[in-house]
Amino acid sequence: MTAPTTTNVAQGNAHVGVQAGVVHGDINFYRVPPGSSPEEEFALGLKYLDGRVRDRARTLIEKAVARGYLTTEVQFYRLIALLSGRTLRQLSDQELDHLEAVCAGLSRLDDHDEWAAGSSVIIHHLLAPAGVAETDRAVKEIDALKQRQRDEIYGHLEALLDGAMQEAMWRKSVALAESQRTAGNRLNRVWKFFHPTPAQPRTLPVRPAAVPLRDQLRAGIGAAAFTLAVVQMIVLVAARGMLDPLLGLLAGLVGLGAFCVGGAERYYRAARLRAKEAEIRPPRQRGREAPQGGFARKMDVLFNRYFGRYVPDGTDRTYWRSQTAGIQRHLRDELVELYREQRIDANRAAWLVRYLVGDVRRQWEQDTLTAYRQALRTPVKAKALQVGGLALLALGSLWFVPAVVTSAPLAGAGWILLAVASAVPAVRSSFRIVAERRRVADDQAEREVKDAARWAAYHRWCEKLSDKPSDTEMAAWPG
């Protein structure tokens, strides 16, 4: 297999800033903002110096000086930037003249603080030949400096001198490196550098209510036809002066209403239960694998990795994987749909995969993974309304229908048939319409809960990564 390569071509005024196959962490390439002050240029120069980009650091620091920003701290870092990592032999004649000018300028500064003290040590002990006695004195004076100045000297100027001074400086540099090996809680932070910035969580939007036109027509036309048939039957009965059967009609209409209320509740719960079961049902056959190297394939790898790793305590791995295959497929498809078209690297969504798989494991361990089955059981009240309403409808019909047929045998039978023929499809369609509208409301409520949980997990992960070491810290930490 041929190893992947990375090729960049710069033409004209373009340039290649970074060329890498894979870049981990947040590598900073600083830019001087337009209209920046000399202080800001100096601060940016220090960042480059920390990252060992010495040429750029020297340029920025000297620009700040040229614009009138000159303090004992600036003079100290002018020396550090000019001498960092180099011996005097490596300085050009121009740089030696510049070094002499910097040293001369120090005498014109009135301030005598820790920065001036650090510069004085560099000039009087590190830039002049030293014997054994002077070496010991120099090391003592460096150790007497404050930690920041001391660390800068040991960190940047260890290559400056030869002989006894170099050996002493080397020992101090090694001691500094050892102290920095675990400085800044390195052991608990260094792994965070290699985690990319997490992608913000997303949830699928709720699918709008989709009511087929045929159901709308059946419900609307059926209700209108049923109302017409009932009115005509009332007219027929009233024309004969028979008012008692109207009580049977009233009872039948009340029963029909109760049946519709209970039936709609039962229908919705059954439909939603089927939808929930479909989300966790293992796929009947293995689907075609996603293209190699694509986002979907990377999601497959992440889900396989974490479902294989996050096995509940006391559960057989094979059983766990087989029972959660449907959930894995459902969650994987959701994330693929959410992120594939957003130009987001799969690794940036790895935190969300871990959270989702961990949540499935938590529900498994708490035995709440299928809690919806209990929640979607039809209440006794709904069953009672449906059965009781049907019984009341039958009782009312036995009282009212004979009176209609007696009043007008042919016309009455026709209106009765129309009422039945229009009511049955209208009720069925109304069940589907009500269920779809309730589905939208419940999906929205579930989405809000899911969205809040994902954002909470996102903020927890961001907080965990909040002390991720910068590229300058990584450069400063010894290997």
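These legends describe close-up views of a predicted model. Residues are numbered from 1 along each chain as its sequence is written. Local features need pLDDT of at least 70, side-chain atom pairs count only at pLDDT 80 or more, and totals for chains, interfaces and linings use all residues, while side-chain values use heavy atoms, without hydrogens and water.

**View 1. Arg438 pairs with Glu265 in a salt bridge.** The N to O distance is 2.5 Å. A salt bridge is a side-chain nitrogen of Lys or Arg within 4 Å of a carboxyl oxygen of Asp or Glu. Arg438 sits in helix 18 (residues 409–464) and Glu265 in helix 11, 173 residues apart. Helices are DSSP runs (H or I, at least four residues), numbered from the N terminus. Glu265 is buried at 18% relative accessibility, and Arg438 is partly exposed at 28%. Buried means under 20% relative accessible area, exposed over 50%, partly exposed in between (1.4 Å probe, protein chains only).

**View 2. Asp443 meets Arg272 in a salt bridge.** Their N to O distance is 2.8 Å. Asp443 belongs to helix 18 and Arg272 to helix 11, 171 residues apart. Arg272 is buried, with 9% relative accessible area. Both residues belong to a salt-bridge network that also includes Arg207, Lys276 and Glu436.

**View 3. Glu277 joins Arg373 in a salt bridge.** The N to O distance is 2.5 Å. Glu277 is in helix 11 and Arg373 in helix 16 (residues 371–375), so the pair ties together parts 96 residues apart in sequence. Glu277 is buried at 18%; Arg373 is partly exposed at 39%.

Notes
Helices (H or I, at least four residues) and strands (E, at least two) are DSSP runs, numbered from the N terminus.
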